[in-house]
Amino acid sequence: MKIMIKSKHVVYVLFGTALFYTGCSSKTEEAVQPNIANETITLAQLKFTNEANVSDTTSCTYTFHLDNNDNVISVDSTTLTLKANSVYDGVVYMLDQTQTPVFVVSNEIIQRENYHLFFYQPTPISTAPVISTTSPYIPGTPVTPGVPPLNLTIERTDHDTNNPPLQFGFHTKFTTGAASTGKLRWVLRHQPNAKNGTYAPGSSDLDVNFITVIH
């Protein structure tokens with residue numbers, strides 16, 4: 001297992017603004033032991049294949065451009081586009097482009113599945129992408145009167161090797177309803193020796209937000 005020793009970056013993207021932090025966790029986050037560093041992620045991508053037509057593929061990508069000191073100087077994101085009334089199988093792909101050769105972070109995340117947990121939060125377009133605090137899984141669209149929802153439900157389809165096994169979220173099933181536009185918040189929680197199926201323990205390796213269109 002590869003343990004990175006350079007500084008790690010925790011990313012929060014809310015309302016289209018990227019806030020880039022260095023370090024494993026803040027004082028307000030639960031202490032995590034052992035002290036295994038957060039992953040460095042410069043490209044985060046979700047890839048999807050339509051279960052009814054394997055030639056129908058789509059993806060969404062968040063890219064962080066860094067200076068020579070590994071500070072973020074700009075970010076790029078793409079829009080996730082899905083067909084209405086369809087079922088897609090999703091998978092994670094992540095890179096650390098600060099390394100030579102480029103390091104495939106998603107392979108390391110699989111090796112470290114017992115202390116990582118992915119969260120997915122679909123919301124209406126005008127709603128702040130807030131992680132649910134009442135459920136171990138982000139179940140779907142918050143009810144906001146008068147605000148059109150994003151017609152999307154998400155299921156984690158994999159588990160780690162903890163005893164008992166806990167959901168992982170590297171592989172997912174995205175089920176769309178009627179045409180709609182909203183947001184998808186995607187979070188990777190880093191929880192060594194603390195993973196319990198909930199959001200709270202640990203810190204975030206990644207926290208990004210995609211515009212999502214179902215058509």
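Q: Where is Thr63 placed?
A: Thr63 is in strand 4. Helices (H or I, at least four residues) and strands (E, at least two) are DSSP runs numbered from the N terminus. The model is a predicted one, in which local features need pLDDT of at least 70 and side-chain atom pairs count only at pLDDT 80 or more, while totals for chains, interfaces and linings use all residues. Residues are numbered from 1 along each chain as its sequence is written, and side-chain values use heavy atoms, with hydrogens and water left out.

Q: Is Thr63 buried or exposed?
A: Thr63 counts as buried, at 15% relative accessibility. Buried means under 20% relative accessible area, exposed over 50%, and partly exposed in between, with a 1.4 Å probe and protein chains only.

Q: What does Thr63 touch?
A: Not counting residues up to four places away in sequence, Thr63 touches Thr42, Leu43, Ser74, Val75 and Asp76. Contact here means heavy atoms within 4.5 Å.

Q: And what separates the C-alpha atoms of Ile41 and Thr63?
A: These C-alpha atoms are separated by 8.7 Å, and the two residues are 22 residues apart along the chain. Ile41 belongs to the loop between strand 2 and strand 3. Ile41 is buried, with a relative accessible area of 2%.

Q: Which residues is Ile41 in contact with?
A: Leaving aside neighbours within four places in sequence, Ile41 is in contact with Phe64, Met94, Leu95, Val105, Leu188, Asp205 and Leu206.

Q: Which members of the largest nonpolar core touch the most other members?
A: They are Met94, Phe118, Tyr120, Phe174, Trp186 and Leu206, in a core of 30 residues. Strand 13 (residues 203-214) gives the most to this core, with four residues. A nonpolar core is a set of buried Ala, Val, Leu, Ile, Met, Phe, Trp, Tyr and Cys residues joined through side-chain atoms within 4.5 Å.

Q: Turning to sheets, in what order do the four strands of the open sheet run?
A: The order is 6-13-12-9, with mixed pairing. Two strands pair if DSSP finds at least two bridges between them.

Q: Which strands stand at the edges?
A: Strand 6 (80-82) and strand 9 (116-124) do; each has a single partner strand, so one side of each is left without a neighbour in the sheet. Neighbouring strands of this sheet are turned by 30 degrees against each other on average, direction ignored. The axes behind that angle are lines fitted to C-alpha atoms, for helices over the stretch in contact, and angles run from 0 to 180 degrees between N-to-C directions.

Q: In which sense do strand 6 and strand 13 pair?
A: They pair in the parallel sense, over three bridges. Thr81 stands opposite Val213 in strand 13.

Q: How many salt bridges does a search of the whole structure find?
A: The search finds seven. A salt bridge is a side-chain nitrogen of Lys or Arg within 4 Å of a carboxyl oxygen of Asp or Glu. One of them joins the side chains of Glu39 and Arg112 at 2.1 Å, N to O. Glu39 lies in the loop between strand 2 (17-22) and strand 3 (43-50) and Arg112 in the loop between helix 1 (105-111) and strand 9, so the pair ties together parts that are 73 residues apart in sequence. Both Glu39 and Arg112 are buried.

Q: What about Lys83 and Asp56?
A: Their side chains meet in a salt bridge at 3.8 Å, N to O. This pair links distant parts of the chain, 27 residues apart, with Lys83 in the loop between strand 6 and strand 7 (87-96) and Asp56 in strand 4 (residues 53-66). Lys83 is partly exposed, with a relative accessible area of 38%, whereas Asp56 counts as buried at 12%.

Q: Finally, how many aromatic pairs are there in the whole structure?
A: A search finds ten. The rings of Phe118 and Phe170 have centres 6.2 Å apart and planes at 70 degrees, so this pair is edge-to-face. Rings of Phe, Tyr and Trp (its six-membered ring) pair if their centres lie within 6.5 Å; planes under 30 degrees apart count as stacked, over 60 as edge-to-face and the rest as tilted. Both Phe118 and Phe170 are buried.

Q: Which residues form the aromatic cluster?
A: Tyr62, Phe64, Phe118, Phe168, Phe170, Trp186 and Phe210 form one aromatic cluster.
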